[in-house]
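Visitor: Could you walk me through this one?
Guide: Gladly; here it is.

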Amino acid sequence: MHRPSLLATFVLAVLLASSQLCAATEVPFSFRDGLVWVKVAAPGASAPLNFLLDSGASASVIDLRAARRLGMKSGRPQIVRGIHTRSVAYEWNGFEGTVGGIPLPRQILALDLSAVSHGCHQQIDGLIGADFFRDRIIQLEYGDSCVRIFPRRAAPPVPGTALPIAIRNDAMCVRVSLGAGEGKWTRLDTGCDSDLHWVKGASREESARGASIAATSGSAHQATTEVRLGPEVLPEVETTLHAQPIFSGEAGLVGNGILSRFTVTFDRDGKRLYLDRR
């Protein structure tokens, strides 16, 4: 009987291992209310929790009521900055939630999300924030309602236009311009249900301390603008204009109204955003 050589066996093992490393964990999501909803499993929860994938939150968050149901004990308080708002959150170290079997950050914030949930079809139990994007390639396929999560060390080549990312206030920002205007660093916010929030005038360049979550909107008015992200030109974008800065050193928020026009791939550590026209 013919036996495979040791070399052939070794090559086959390497190919199998490589295919497993490059395989993404695919997590289905529900795109409702203009937001990306995913199911999170957690010990002590009788049913999966309803979290938002929220790249605009610098830290992951659990709703205070959900935290209490899981037996959380409040930790040290800290101030969380929202859009023209400030709230008190509590540190919680030891969260054991998973999405698609992948662990969420163990150190998260407990925050009352009832006001943020207003107008949604269900209560928001938590936010998977920008801290989850570290050491991973995360791809949103809005058309297939699927999040693909790759280990960064083994991710395959990513299609689309590559744009540089800057990390400001622990959040990912990309350069955006209105019409022929100057490009400004603007937060990538999958937790924003609109197209674009934009700060009129200059925003101070320094970053601010503490967590920041673009959760509620302040006084502003609407306009229709042409928006540019690198070579991508988007006409007639619904833009919410703000007179005051939202977060220091940032020009506003790029929401799902824009992002859902693309397959979007985040490489936080490599500081690249890839946009592929759907």
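Visitor: How do strands β6 and β7 run, and how many bridges join them?
Guide: Strand β6 (residues 77-81) and strand β7 (residues 86-93) run antiparallel and are joined by five bridges, where pairing requires at least two DSSP bridges and a strand is a DSSP run of E with at least two residues, numbered from the N terminus. This is a predicted model, in which local features need pLDDT of at least 70, side-chain atom pairs count only at pLDDT 80 or more, and totals for chains, interfaces and linings use all residues. Residues are numbered from 1 along each chain as its sequence is written, and side-chain values use heavy atoms, with hydrogens and water left out.

Visitor: Which residue in β7 is the bridge partner of Val80?
Guide: Ser87 is that partner; the two strands form a hairpin with four residues between them, and His84 in the turn has a positive phi of about 60 degrees.

Visitor: Switching topic, what lines the largest cavity?
Guide: Its lining consists of Val27, Val38, Leu53, Val99, Ile128, Phe132, Ile138, Val147 and Ile149, a cavity being a set of points on a 1 Å grid over the protein atoms alone where a 1.4 Å probe fits but cannot get out, with lining residues having an atom within 4 Å of a point.

Visitor: And what volume does the largest cavity have?
Guide: The volume is about 50 Å³, taken as the space filled by probe spheres set on the points, which are joined across faces, edges and corners.

Terms used. 1 Å grid on protein atoms, 1.4 Å probe; cavity = no way out; pocket = protein on both sides within 12 Å on 5 of 7 lines; lining within 4 Å.
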